[in-house]
Amino acid sequence: MRTIDSAIDLCVPPLSDDWLLDPCSIFYSLAKELPGEDVWLDTAVGQLLLLQSSESANRVLLNKDRVFDKYFGAHYSVFGLSRLTANGDAWRKLRDLSQPKITSVTKENVVAISQLQYRAAVNRLLAKATRQCPVEMDEDIDYAAAATIAELVLGIDSETLGPDFLTDLKILFSLTAAMNWQDIDLEHPQNVETLHQVKLRIQKCRSKLAEIRPQLISQSPFIDDLAHSDCDDLDFANELITLLVAGYETTASAICWALQMLARATSEQNRIRAQLLEIPDPIGLDDLDKIPALQAVAQEALRMFPPVPVVGRVANSQTQIGKSAIQAGQRVLVSIIAVNQNSGAFENPLSFDFNRFEGTGLRQNQPMLKSFGSGNRVCPGQQIALVEIVTALAEFLRMTNIRVANQKLAPFSFGVSLRRKSGHSLELHPVSR
Ligand code: HEM
């Protein structure tokens, strides 16, 4: 039974087109038009409850009565089990395999490795920018983020994975991203071809991992443990792919958005660069506290442009969320976009405020922000991500002046994480010292 008067009909044009092509623009519009209100959405494949209020989001994410499972829809049937898609005991076992490794990464190491990888990325981008300006940033930032996570968490040199591996993963996850939360009809002719492509690429990635397995094991005690684990629920390739993608795509997305915002604010950018240039090269962990303005940019970018804009759950029994009665099997989406724009917690929540988080430091689990989720499925990589984002931004600002190529933001794209449809293109000019 539904207790809200009306649902938003996403089955008729133009909303039905937007829902398929640019669902994030709908999430942003709803967050603005109906702030803090949970809304039912009528979609071609049934009703979804979109949770926009912090109370409802907390109810579902904290999940104290264990009524909600993670929803991975068709995505699960394509990829199978991994820490990201498992529920219940299987999830606990898989979590216990990778959690100690992720949480034992030291901040010093994050700074050191990120610095090397992003400095290399900035140099590559500057070289491209001399030939083609503006330059499309996503690919090089993705590569740096992947190399950072590969080394920090998996303990491997990203070169071992080979040049095509990340490209294949990206295409693979982009094709299946909507399957995480939209029910995709896998029998539909259009989807049959996509699925075929997905399967080919999964096969290619799996074959590659099988081929280099001995090398990976010899490089990394963590991978050695995974490869020899007796956990029945573990699929070696799935787990590696999941950890890599969860760790790099999101962080790269946050860096792209923060750079977009900095590119639009010359005076803020100059102020932060002046602080950065006071710090001797290379920057160390202690130096990050000397650039509170840059830490604030990272947090505000995560608030306004959460790399994971929505998360999906499904009720395993009857329950209640706020005014809405929920039947077993009902799917709900937590709009992280909307919760992060809660006007009770943030003044002028719709505007990007460079000073909003100044002085709060790189605090994990900011109570009113849900960019890293919450509850027992909260992101285990948030400390790595926060330190990596600030280190990466510091490298960009020390080495480049960033300018926008186009004031108007292109539509959103929600592949693996929140991006711009045409990629993040910016003008990069070397900083002269
Ligand atoms: C800015 C960067 C990041 C953002 C915004 C982010 C966001 C999230 C969110 C929202 C979830 C929870 C999804 C849900 O509740 O359904 C999650 C889960 C997860 N994240 Fe992150 N993440 C980031 C970086 C990382 C990094 C660096 C790692 C490192 C390996 C990582 C590994 C994971 C894993 C393994 C999970 C699954 C947790 C579980 O269910 O056991 N993430 N992330």
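I began with strand pairing, for which two strands pair if DSSP finds at least two bridges between them. I also noted that helices (H or I, at least four residues) and strands (E, at least two) are DSSP runs, numbered from the N terminus.

Before going on, I wrote down that this is a predicted model, in which local features need pLDDT of at least 70 and side-chain atom pairs count only at pLDDT 80 or more, while totals for chains, interfaces and linings use all residues. Residues are numbered from 1 along each chain as its sequence is written.

**Entry 1: the sheet**

I looked up strand E10 (residues 400-404) and found that it pairs with E13 in the antiparallel sense over five bridges; within this pairing I saw valine 404 opposite leucine 426 in E13. I then turned to strand E5 (residues 135-136), which two bridges join to strand E13 (residues 425-430), again antiparallel. Here valine 135 stands opposite leucine 426, and glutamate 136 stands opposite serine 425. Taken together, the three strands form an open sheet in the order E5-E13-E10, and I marked E5 and E10 as the edge strands, since each pairs on one side only.

**Entry 2: the two domains**

I found the chain divided into domain 1 (1-64 + 309-339) and domain 2 (86-301 + 343-430), with bounds that come from an automatic or database domain assignment. Their C-alpha centres lie 26 Å apart. The contact takes 21 residues from domain 1 and 15 residues from domain 2, where two residues are in contact if their C-beta atoms, placed from the backbone, lie within 7 Å. On the side of domain 1 that touches domain 2, I listed helix H2 (23-33), helix H3 (54-62), strand E6 (310-315) and helix H14 (336-339) as the elements that give two or more residues, and the largest share, five residues, comes from H3. By class, this side has 13 nonpolar, six polar and two charged residues (Ala, Val, Leu, Ile, Met, Phe, Trp, Tyr, Cys and Pro count as nonpolar, Asp, Glu, Lys and Arg as charged, and the others, Gly among them, as polar).

**Entry 3: backbone details**

Most residues other than glycine have a negative phi, and most peptide bonds are trans. Proline 134 is found in the loop between helix H6 (107-131) and E5. The peptide bond from aspartate 281 to proline 282 is also cis, with omega near 0 degrees.

In the loop between H3 and strand E4 (68-70) I found asparagine 63, whose phi is near 50 degrees. Arginine 66 lies in the loop between H3 and E4 and has a positive phi of about 55 degrees.

Arginine 66 is exposed because 11 other C-beta atoms lie within 10 Å, whereas asparagine 63, with 17, is partly exposed.

Definitions and conventions:
A residue is buried if 20 or more other C-beta atoms lie within 10 Å of its own, exposed if 12 or fewer, and partly exposed in between; C-beta atoms are placed from the backbone.
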